[in-house]
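Let's take a friendly walk through a protein model. Have the sequence and the 3D view ready, and we will look at a few places together.

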Amino acid sequence: MENAKMFLVKYAEIGTKGKNRYVFEETLCKRIRNKIKSLGEFDVRRDFGRIYVEALSDFDYDTCVEYITKVFGVNGICPVTMSESTDYAEISKAALQHITNAYDEFDFSFKVHCRRTNKSYPMTSVEVEAEVGHDLLMALEDKGLHVNVHNPDVMLEIEIRDKVYVYSKVLPGPGGLPVGTNGKAVSLLSGGIDSPVATYMIAKRGVEMQAVYFNSPPYTSARALEKVEKLGTIVSEYAGPIALHIVNFTELQLAIYDNCPHDELTIIMKRYMFRMAKDIALREGAQCIVTGESIGQVSSQTMQSLGVIDEAVDIPVYRPVIGMDKQEIVEYSQRIGTYETSIEPYEDCCTIFVAKHPVTKPKLDVIKRHEKKLEGIIEPIYQKALDTVEIKVLKIN
């Protein structure tokens, strides 16, 4: 819509939060403010179960819409035409202005729906609906506008508060809960398809995300790291800034390769990855680890393998895509915009050291026995890797 200076932000799940709803609303307002602050001056406010975004300066409309509709917690936004006056003549004028600005042609059916927070207003909601509908027909019926009260093409919403708000379109957002309302997590982020989707899905539940990438030069290239940074940046469009912890993992992998059975390399390496992720999580005040693992997708993702890997840490490990097949994960990645980057041909650290015939049903006692061969060797290597973690903050705006 051209000339819209205000948006009504719709949310869904936040509305079920009872007495705590204001906390979620305030966090959502904060997220929206941070998202659009580079575009101009805005007033983002709560008002009786509504959130409004009002532009107080010139701004780029399309970019503003794009930014707000990528904030978790936003179910949709409605471009609004506002009237400072609640006088009926001004309501009718605002309704006509809204229709003529929002639509290029008028050959469609409509219905007017009115809400009044002030029940002492001299006209009832039904009266406002009838009068505005009549006025719109008088102005635009010869251009095709017509009424359909049962199944209209356009529902024209009028809210009469201390001011009047008119809207008719809902531009969809991602839904979920605003980031920052449900703790913090550390995601194992690779250059594949699955882990960016998993990161997105947990962030959508209101969780502040950080990420860990295990870098293995010279076995992985700088392009592989750039790919991971790009994926994290795409997810940050929704999740907000993501701190990427880059672990130099090569020496750890070589120590495992030199001292452990090769068919168990992936399992033992993942156990050390989880230990490193746990230590980073505790350092950053995070409560859990997130991975993109799906049951049965590869040898290290059998039920037995996942159980053995999880035993290495004593904090929760969440796998939001665990029950999804590959095609479902691919379709999800396409929706959120990570797929094209994920399929770029740069290897991550795990694929370099995969055995020809990896164990698929590892036994925990056997794995632990073989890990004992690393005692006295791997501890300083591990500590060095933890101490030399590089952190990059990934964000769009």
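## A loop residue to begin with

Which residues does V359 touch, not counting residues up to four places away in sequence? V359 touches D263, E264, I267, S299 and S305, where contact means heavy atoms within 4.5 Å. You will find V359 in the loop between α12 (349-352) and α13 (364-371). Its C-alpha atom is separated by 22 Å from that of D325, and these two residues are 34 apart along the chain.

Before we go on, note that this is a predicted model, in which local features need pLDDT of at least 70, side-chain atom pairs count only at pLDDT 80 or more, and totals for chains, interfaces and linings use all residues. Residues are numbered from 1 along each chain as its sequence is written, and side-chain values use heavy atoms, leaving out hydrogens and water.

## The nonpolar cores

In soluble globular proteins, nonpolar side chains tend to be buried together. Here, the largest nonpolar core has 37 residues, and F214, V247, L252, I256, Y272 and M276 have the most contacts inside it. A nonpolar core is a set of buried Ala, Val, Leu, Ile, Met, Phe, Trp, Tyr and Cys residues joined through side-chain atoms within 4.5 Å. Buried means under 20% relative accessible area, exposed over 50%, and partly exposed in between (1.4 Å probe, protein chains only).

Two or more residues of this core come from each of β10 (184-188), β11 (208-215), α7 (250-259), α8 (265-284), α9 (303-310) and α14 (378-387). The largest share, eleven residues, comes from α8. Helices (H or I, at least four residues) and strands (E, at least two) are DSSP runs, numbered from the N terminus. Apart from this core lies another, of 34 residues, with I202, A211, A239 and C288 among them.

L188 lies in strand β10. With a relative accessible area of 13%, L188 is buried. Leaving aside its neighbours within four places in sequence, L188 is in contact with S195, V212, F214, M273, F274, A277, I289, V290 and T291. L188 and E293 are 105 residues apart in sequence, and their C-alpha atoms are 10.0 Å apart in space.

Now look for S333 in helix α10 (residues 326-336). S333 is buried too, because its relative accessible area is 0%. Beyond its neighbours within four places in sequence, S333 is in contact with I193, V197, T338 and Y339.

## Two pairs of helices

Two packed helices are described by the angle between their axes and the distance between the axes. Axes are lines fitted to C-alpha atoms, for helices over the stretch in contact, and angles run from 0 to 180 degrees between N-to-C directions. Helix α1 (residues 21-36) packs against helix α2 (residues 61-68) at an angle of about 140 degrees, with the axes 9 Å apart. That makes α1 oblique to α2; angles under 35 degrees count as roughly parallel, over 145 as roughly antiparallel, 65 to 115 as roughly perpendicular and the rest as oblique. I32, K35 and I36 of α1 make the contact with C64, Y67 and I68 of α2.

Helix α5 (residues 194-203) and helix α6 (residues 222-239) pack at an angle of about 15 degrees, and their axes are 10 Å apart. So α5 is roughly parallel to α6. In this pair, P196, T199, Y200 and A203 of α5 meet L231, V235, Y238 and A239 of α6.
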